[in-house]
Amino acid sequence: MATDPRRVLVVGATSAIAAETARVYAAYGARLFLTGRDAGRLEAVAADLRVRGALAVETALLDATDHARCGVVIQQAWDAFGGLDVALIAHGALPDQARCQATADAAIAALDVNFVSAVAILTPLANRFEAAGRGCLAVVTSVAGDRGRQSNYVYGAAKGGLDRFLQGLRNRLHRAGVAVVTLKPGFVDTPMTAAMPQGPLFVSARRAGRAAHRAIERRRDVAYIPWFWRPIMGVVRALPEALFKRLRL
Ligand SMILES: NC(=O)c1ccc[n+]([C@@H]2O[C@H](COP(=O)([O-])OP(=O)(O)OC[C@H]3O[C@@H](n4cnc5c(N)ncnc54)[C@H](OP(=O)(O)O)[C@@H]3O)[C@@H](O)[C@H]2O)c1
């Protein structure tokens, strides 16, 4: 799919899925502003994107749970290329559900990194995109947000909350000409899922990243990645609660 060279912000750029999406943008000569927590890994992603054709790559360190710094880095990213066309928010962490059940602190930390921190980033970004009257905000949530399950409901609650936040944001920004794209991966082979046994529903980070790029460029409202998660989650959501609560999921 051909795209004009874009000015792209990637939050959580060391994520395997985000790095693959950024590679597609780099191949089209994009200018990219990358944020991440680890300077060495961030620079490695930046170097890779330069080799792959990016016109310019800038980086900034950001722990997304440092809410005050989120606004500062958004300002830097906006100023770096005189505005942005696309922002991809991809950071996240799969928490230990047992720890989240044992201590509220662990549950709250999981909600922060997977939901609250995204709000800290999206709020100033949305205002800038709205004022510019164009652009696309794309955010990685998860199929886990579609229905709470005993095995990961804290992560699911964070992603589900983010999903609902994006729904409202999309409704708000539509009139301003700004797209909000909700990206919902299923199982993707990345460091996040390295400890999980890989079943037939797993796909590569490369496939997920390319699907994310397509969804962003097509301004899809909600994109399941891959597509087959849409019917799967349709069935999961349709199961009556009286039955669902009895299942070991
Ligand atoms: N893999 C899957 O099966 C799957 C399924 C559904 C949704 N997702 C979502 O996809 C997104 C990307 O994950 P991935 O699969 O590509 O896994 P990944 O390669 O492990 O990437 C996770 C990224 O989040 C970053 N991160 C974690 N905590 C952070 C914080 N406090 N501040 C800033 N960055 C932080 C990590 O940075 P560091 O490198 O510094 O740790 C890393 O870049 C996440 O939002 C995840 O929830 C993944």
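**Around the ligand**

Modeller: The ligand is surrounded by 28 residues, and the closest are T14, R37, R41, Y155 and T190; a residue counts as near when one of its heavy atoms lies within 4 Å of the molecule. Before we go on, this is a predicted model, so local features need pLDDT of at least 70 and side-chain atom pairs count only at pLDDT 80 or more, while totals for chains, interfaces and linings use all residues. Residues are numbered from 1 along each chain as its sequence is written, and side-chain values use heavy atoms, with hydrogens and water left out.

Now for the polar contacts, meaning pairs of N or O atoms within 3.5 Å. The side chain of Y155 has an N or O atom 2.6 Å from an oxygen atom of the ligand. D63 also uses its side chain: an N or O atom there is 2.9 Å from a ligand nitrogen. With A90 it's the backbone, where a polar atom lies 3.0 Å from a ligand oxygen. On its own the ligand exposes 890 Å², and the protein buries 91% of that; these accessible areas come from the Shrake-Rupley method with a 1.4 Å probe.

Next, let's look at the largest pocket. To find pockets, a 1 Å grid is laid over the protein atoms alone; a pocket is an open set of points where a 1.4 Å probe fits, with protein on both sides within 12 Å along at least five of seven lines. The largest one holds about 1,200 Å³ of space, where volume is the space filled by probe spheres set on the points, joined across faces, edges and corners. Its lining has 47 residues, with G92, A93, L94, Y155 and M192 nearest the centre; a lining residue has an atom within 4 Å of a point. Y155, then, is on this list and also among the residues closest to the ligand.

What kinds of residues make up that lining? They split into 25 nonpolar, 15 polar and 7 charged. Here Ala, Val, Leu, Ile, Met, Phe, Trp, Tyr, Cys and Pro are nonpolar, Asp, Glu, Lys and Arg are charged, and the others, Gly among them, are polar.

Helix 1 (16-27), strand 2 (31-36), helix 6 (153-173) and helix 8 (229-238) each give the lining at least two residues. Helix 8 supplies the largest share, 4 residues. Helices (H or I, at least four residues) and strands (E, at least two) are DSSP runs, numbered from the N terminus.

Note on methods
Polar contact = N/O pair within 3.5 Å; in protein donor to acceptor, adjacent residues only side chain to side chain.
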